[in-house]
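Subject: Structure handover

Hello,

Here is the structure for you to look over. My notes follow below it.

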Amino acid sequence: MKILFVHDSKYEVKDGLWAALNLLEKQGFEIVMVNLFERPDFVDLTPTDTSDWFVLGWGAFNSKVDNLISAPNKFMGMKKGLCIAGNSFPPDSQDRYDILFYETEWYLPQIQHHKNVVRAFGINSDIYKPIPDAIKIWDWLTVGSFALWKRHYLFKEKGGYKLAIGEIQKENMSESIDIIGDLLLNNIAVSDMIEPEKLAMLYNSSNKTFVGADINGGGERAVLESLSCGTPVFVESDNPKLEELTVWKERGRVPDQHWYSDKLREGIESCF
């Protein structure tokens with residue numbers, strides 16, 4: 001079976017989905033990856049035989065990825081699936097997918113009427129894992145885009161040495177710069193998004209991680225990455241989606257690429 005994986009990523013991707021696809025490749029799947037950020041001109045793939053092709057996208061509804069894959073005149077004759085990122089409400093075009101993969105039980109009610117939904121999510125535990133000799137430098141760490149929905153103003157209330165890692169919004173640069181400026185004025189160190197291996201080291205070098213995003217502000221991956229590194233995570237009580245994820249460690253396992261790949265395989269094979 002062949003999988004065309006379509007995503008739109010500015011930074012190097014070594015997350016749980018990337019690792020899960022690598023596992024599927026080792027199991028005999030042929031994986032073709034297309035990054036729309038690097039290939040904005042990519043419009044379609046038209047193999048002679050589409051019977052064993054599956055198109056898998058990662059992105060929010062109404063994102064570039066979704067708009068491309070769900071278009072009725074694209075990838076004709078190929079099965080389609082979407083790993084849903086973000087929390088936007090699904091449009092009518094969701095029915096053009098043969099399967100939807102979701103991350104949290106909180107999100108499930110929005111897509112539960114779809115004919116085929118599977119929960120599939122996890123982090124790359126080959127990278128995000130405890131480092132025994134890591135020296136604790138930061139009292140608090142937060143990771144996420146410099147955007148209002150990440151609620152960095154709550155991070156200012158934490159005590160001690162603090163580091164905020166994130167990226168500037170390309171579509172709203174002025175908002176991001178205002179947030180960064182406010183953090184710096186409050187003696188909080190700021191960093192651009194960094195390579196996964198360095199990020200894992202910083203999780204390990206921090207006593208606690210704070211993910212203050214609101215209910216629509218993402219943060220799922222940061223919660224699991226920190227937990228997988230052994231660093232406690234604190235979220236806000238008005239975000240049941242992230243609270244749901246914080247209990248995974250208590251269950252004895254943080255979902256990783258192995259669980260992720262099993263669920264992807266289960267879902268993809270159900271479409272044929």
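Strands S3 and S4 (residues 79-84) run parallel and are joined by 6 bridges. Strands are DSSP E runs of at least two residues, helices are H or I runs of at least four, and both are numbered from the N terminus. Strands count as paired if DSSP finds at least two bridges between them.

This is a predicted model: local features need pLDDT of at least 70, side-chain atom pairs count only at pLDDT 80 or more, and totals for chains, interfaces and linings use all residues. Residues are numbered from 1 along each chain as its sequence is written, and side-chain values use heavy atoms, with hydrogens and water left out.

**Strands**

In the S3/S4 pair, phenylalanine 54 stands opposite lysine 79 in S4. From S3 the chain crosses through helix H2 (residues 64-69) to S4, a right-handed β-α-β crossover. Right-handed means that, with the strands pointing away from the viewer, the path from the first strand over the helix to the second runs clockwise. S3 also pairs with S1, parallel, over 5 bridges. There, leucine 4 stands opposite valine 55 in S3. S3 (residues 53-59) is mostly covered, with 6 of its 7 residues buried. Buried means under 20% relative accessible area, exposed over 50%, partly exposed in between (1.4 Å probe, protein chains only).

**Aromatic pairs**

The whole structure has 7 aromatic pairs. Rings of Phe, Tyr and Trp (its six-membered ring) pair if their centres lie within 6.5 Å; planes under 30 degrees apart are stacked, over 60 edge-to-face, the rest tilted. Tyrosine 128 and tyrosine 203 are edge-to-face, because their ring centres are 6.0 Å apart and their planes at 70 degrees. Tyrosine 128 is in the loop between strand S6 (117-119) and strand S7 (138-143), tyrosine 203 in helix H5 (residues 196-204), so the pair ties together parts 75 residues apart in sequence. Both tyrosine 128 and tyrosine 203 are buried.

Phenylalanine 155 and phenylalanine 210 are stacked, 6.2 Å centre to centre with 5 degrees between the planes. This pair links helix H3 (residues 152-155) to strand S10 (residues 206-211), 55 residues apart. Phenylalanine 155 is buried at 1% relative accessibility, and phenylalanine 210 at 2%. Trp140, Phe155, Phe210 and Phe234 form one aromatic cluster.

**Charge over ring**

The charged end of lysine 158 sits over the ring of tryptophan 140, 4.9 Å from its centre. The criterion is NZ of Lys or CZ of Arg within 6 Å of the ring centre and within 35 degrees of the ring normal.

Best wishes
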